[in-house]
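Here is a friendly walk through one protein chain, written for someone who likes to know the cut-offs behind each term. Have the viewer open as you read.

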Amino acid sequence: MKIRSVSLAHVNLSQSDKSWRISLGNIAETLATVIRIETDGGIVGYGAAPIGAQLISGESHASVEVFLKAARNVLVGADVMAHTALMERVGRLMAGNARAKAGVDAALYDTVGRVLNVPAVTLFGGAIRTEIPVIRIVA
């Protein structure tokens with residue numbers, strides 16, 4: 001099954017607690033870019049590039065968009081099941097961009113899970129717990 005398209009949507013998630021601060025300053029919103037991969041069979045998978053506070057990651061909506069334009073050239077037309085080979089090629093496109101690369105990685109896993117009709121966690125050997133502790137920062 002081949003990848004037909006790769007698209008994105010930028011989202012700014014407003015913090016409910018406007019006074020929330022980290023050591024680098026006040027964080028009023030969290031930035032993320034949602035990555036959508038569609039196959040030639042119409043199956044769609046999603047991943048997210050959790051940019052977070054730009055002052056932490058150095059990434060931005062604009063930098064993720066530039067990276068994804070380059071990644072699109074690698075991904076479109078490729079076999080969605082060739083995850084490792086695709087991520088190796090995507091990883092060599094540009095230095096840095098760790099969060100954008102993670103979003104592509106997640107979108108590929110989600111798409112493959114949907115192709116196989118299994119939860120993505122199955123691709124990693126299955127769930128080992130049903131609950132996890134959560135802290136305030138989740139990315």
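Helices here are DSSP runs of H or I with at least four residues, strands are runs of E with at least two, and both are numbered from the N terminus. An α-helix has 3.6 residues a turn, so residues three or four places apart point the same way.

Before going further, a word on the source: this is a predicted model, where local features need pLDDT of at least 70 and side-chain atom pairs count only at pLDDT 80 or more, while totals for chains, interfaces and linings use all residues. Residues are numbered from 1 along each chain as its sequence is written, and side-chain values use heavy atoms, with hydrogens and water left out.

## Salt bridges

The side chains of Asp110 and Arg114 form a salt bridge, at 3.0 Å from N to O. The term stands for a side-chain nitrogen of Lys or Arg within 4 Å of a carboxyl oxygen of Asp or Glu. Asp110 is buried, with a relative accessible area of 17%, whereas Arg114 is partly exposed at 45%. Salt bridges with shared partners also join Arg4, Arg36 and Glu38 into one network. For these labels, buried means under 20% relative accessible area, exposed means over 50%, and partly exposed lies in between (1.4 Å probe, protein chains only).

How many salt bridges does the structure hold? There are 4, and the table lists some of them.

| Salt bridge | N to O distance |
|---|---|
| Asp110 and Arg114 | 3.0 Å |
| Arg36 and Glu38 | 3.1 Å |
| Glu88 and Arg92 | 3.1 Å |

The partners have their own surroundings. Arg36 counts as partly exposed at 27% relative accessibility, while Glu38 counts as buried at 16%. Glu88 is partly exposed, with a relative accessible area of 49%, and Arg92 counts as exposed at 57% relative accessibility.

In soluble globular proteins, nonpolar side chains tend to be buried together. In this model the largest nonpolar core has 23 residues, and those with the most contacts inside it are Ile3, Leu75, Val104 and Leu108. β1 (3-14), β4 (29-39), β5 (44-52), α2 (61-75), α3 (83-91) and α4 (98-116) each supply at least two residues of this core. The helix α2 gives the most to this core, with 6 residues. Such a core is a set of buried Ala, Val, Leu, Ile, Met, Phe, Trp, Tyr and Cys residues joined through side-chain atoms within 4.5 Å.

Which residues does Val104 touch, leaving out those up to four places away in sequence? They are Ile35, Ile37, Phe67, Leu68, Leu75, Met87 and Val90. A contact here means heavy atoms within 4.5 Å.

The buried residues of α3 are His83, Leu86, Met87 and Val90. Seen down the axis of α3, these buried residues fall within an arc of 95°, so they line one face of the helix. The arc is taken from the directions that run from the helix axis to the C-beta atoms. Among the elements that cover the buried residues of α3 are β1, α2 and α4.

Helix α4 has 19 residues and reaches 27 Å from its first C-alpha to its last, close to the 27 Å expected at 1.5 Å a residue. That expected span is 1.5 Å times one less than the number of residues. Its buried residues include Ala100, Lys101, Gly103, Val104, Ala107 and Leu108.

Two asparagines deserve a look. Asn97 lies in the loop between α3 and α4, has a positive phi near 55° and counts as buried at 14% relative accessibility. Asn117 lies in the segment after α4, has a positive phi near 60° and counts as exposed at 70% relative accessibility.

## An aromatic pair

Rings of Phe, Tyr and Trp (its six-membered ring) pair if their centres lie within 6.5 Å; planes under 30 degrees apart count as stacked, over 60 as edge-to-face and the rest as tilted. By this rule the count comes to 1 aromatic pair. The rings of Tyr109 and Phe124 have centres 4.5 Å apart and planes at 50°, so the pair is tilted. This pair links distant parts of the chain, with Tyr109 in helix α4 and Phe124 in the segment after α4, 15 residues apart. Tyr109 counts as partly exposed at 22% relative accessibility, whereas Phe124 counts as exposed at 55%.
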